[in-house]
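Hello,

Here is the structure I promised to pass on. Please have a look, then read my notes below.

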Amino acid sequence: MRIEMVRRSAVMLYLSMVFSVFSIAQNTTSTITGTTTDSEDILPGAVVKVTEVESGVSYSAISNQKGQFRITGLTPGGPYRLEVSYVGHKKSVIDIKRISLGEVYSCNVKLASGNELQEVIVKGQAAALRKTG
């Protein structure tokens, strides 16, 4: 009888440990990943911004040396707006209707070449100096 109680206790302990691992592993957010490229190559250092349209909350990342980005901690739902920019290329804007709980949404972005840089001219005037002494 005592051996049976010890067995039951051990089984209950084992099951509670297994279920606690599953509860810890549950994900409460979503993720967007992707790669930034143009017509010829990957784009490391591209600025990636994801905005939850209704709340205006933004998340940002910079693509790595392989052009890859990953934005985590997104609230499930949507809609989201993904904006990717890179010097010498046109900004890309992608609307994402919905992201599910725990989803890893993959969105590869191909930017079109096009110089969006504008000339900036800074004009100033030196202040007159007075010589004393």
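**What I found**

Ser30 sits in strand β1, which covers residues 30-37. Keep in mind that this is a predicted model. Is Ser30 buried or exposed? Its relative accessibility is 0%, so Ser30 counts as buried; the cut-off for buried is under 20%.

Four strands make up an open sheet, and their order is β3-β2-β5-β6. The pairing is antiparallel. The edges are β3 (58-62) and β6 (92-96), and each of these pairs on one side only. From one strand to the next, the twist averages 15°.

Next, one pairing in detail. Strand β2 spans residues 47-52 and runs antiparallel to β3. Five bridges join β2 and β3. Val48 has Ala61 as its bridge partner in β3.

Ser92 lies in strand β6. Ser92 has a relative accessibility of 15%, so this serine counts as buried. Which residues does Ser92 contact, leaving aside neighbours within four places in sequence? They are Leu82, Glu83, Val84, Val109 and Leu111. How far apart in space are Ser92 and Val48? The C-alpha to C-alpha distance is 9.7 Å, while in sequence Ser92 and Val48 are 44 residues apart.

Best wishes

Note on methods
Residues numbered from 1 in each chain as written. Predicted model: local features only at pLDDT ≥ 70, side-chain atom pairs only at ≥ 80, totals over all residues. Heavy atoms only, no water. Pairing = 2+ DSSP bridges. Helix = DSSP H or I, 4+ residues; strand = E, 2+ residues; numbered from the N terminus. Axes fitted to C-alpha atoms, helices over the stretch in contact; angles between N-to-C directions. Buried < 20%, exposed > 50% of the residue type's maximum accessible area, 1.4 Å probe, protein only. Contact = heavy atoms within 4.5 Å.
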